[in-house]
Amino acid sequence: MNARAAAVLDGRGPKRGLARLLPFMGPAFIASVAYMDPGNFATNIQGGAQFGYLLLWVILGASLMAMLIQHLSATLGIATGRNLPQLIRARWPKAAWFYWVQAELVAMATDLAEFLGAALAFQLLFGIPLIWGAVLTAIVTFALLTLQRRGFRPMEVAIAAFVGVIAVSYLVQLVRSHPGLEALGGFIPRFEGPDSLYLAVGIIGATVMPHVIYLHSSLTQNRIPAVTDDAKRQVARMSRTDLLVAMGLAALINMAMLAAAAATFHASGQTGIADLTQAYRTLTPLLGGGAAIAFGLALLASGLSSSAVGTMAGQVVMEGLIHYTIPAWLRRTITMLPAFVVILMGLDPTRTLILSQVILSFGIPFALVPLLIFTARRDLMGVLTASVPVRVIGWMIATLIIGLNVYLLAQTLLR
């Protein structure tokens, strides 16, 4: 694959079309899985059921923010040949252990959502106990992680296939639910009380994922070596195309989730749907068994793929920040333990999912602020240094997310 990419960079490859783009496609699809994981299902479905189309603008805004952030992360890897955790350790060695501890806590919250979502999907689709769904999730995730040994392409193809399943499943959901033109009103920015704000922060946490900010720079750092400035510019352009396709699809899927929930549950007066199991079982009488199966398959594909991607991100963070490596199977075993605890304690999986997304939102600044600082440095980035407008927008995004987190914490403490 590198030979085909090198041919394009040298002018010997195809001049246009998919054949020219294909060698560069893939990293953004792996990153995009984190933007449609089971945490997104939980927040989007509860948001649509409770508030109708109200929070569509939050998904759109969060998706646009995510595109810019992931673009910066991918560009960092291309320009420097290093990933974000490696640069944090190199530039701020005294903070490396602190960064690693908080990143691992966020990773555990991430994995909790992804693992629970897949286990719940197995339970809904096949009627097995949740604990056995968790065991099946562990087995399939271990199998997925073995693809890494064969290079980056097999994993990218597998993840793209999972994304395709999610997309087709939600196309079925959207067609069956028939959202009306009133959905356009959901793109007008507004809130309706602290509960809608709580869900909005959860949506942002589920969309702008801190662990995948670290991961994307790793996916691009050595994938296609670019030595000259011209080569770096070309790879960055191809990366933008990869990003627009993958993240654009993720944004559409997220909006389809909320719109389908609004058209199905909110429109029928079932505004209290806040549980994925309840949503699955309610879909059959409202839209038919096909819609419920499509929902279950999408949740399963989401949970399995995002769980594997979360493990990959954890490896990148540990290796980059503390120069320590553990086998993927051991990391997978450790990070899935909280999910087993939640299941064995009988806690509500959906409420746990939503809480995990709020925790994720508080981890975003720790990944985003260093990214903004490093991508603005010409001595690191060279010709791919972020422009002034991009820097300004990036800091506005960081300020917005931090402000929402502080406001949410204050509202929670005052309740």
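Student: What should I know before reading the model?

Tutor: Residues are numbered from 1 along each chain as its sequence is written. In this predicted model, totals for chains and linings use all residues, and side-chain values use heavy atoms, without hydrogens and water.

Student: How many helices and strands does the protein chain have?

Tutor: Helices (H or I, at least four residues) and strands (E, at least two) are DSSP runs, numbered from the N terminus. Here there are 18 helices and zero strands. The radius of gyration, taken over C-alpha atoms, is 20 Å, close to the 22 Å from the globule rule for 415 residues, so the chain is as compact as a globular protein of that length. That rule is 2.2 Å times the number of residues to the power 0.38.

Student: Now, how do I read a pocket?

Tutor: Rolling a probe the size of a water molecule over the atoms shows where empty space is left. A pocket is an open set of points on a 1 Å grid over the protein atoms alone, where a 1.4 Å probe fits, with protein on both sides within 12 Å along at least five of seven lines; lining residues have an atom within 4 Å of a point.

Student: Which residues lie nearest the centre of the second largest pocket?

Tutor: They are His 71, Thr 75, Arg 240, Val 383 and Leu 384, out of 15 lining residues. α5 (56-80) and α12 (229-266) each supply at least two lining residues, and α12 gives the largest share, four.

Notes:
Predicted model: local features only at pLDDT ≥ 70, side-chain atom pairs only at ≥ 80, totals over all residues.
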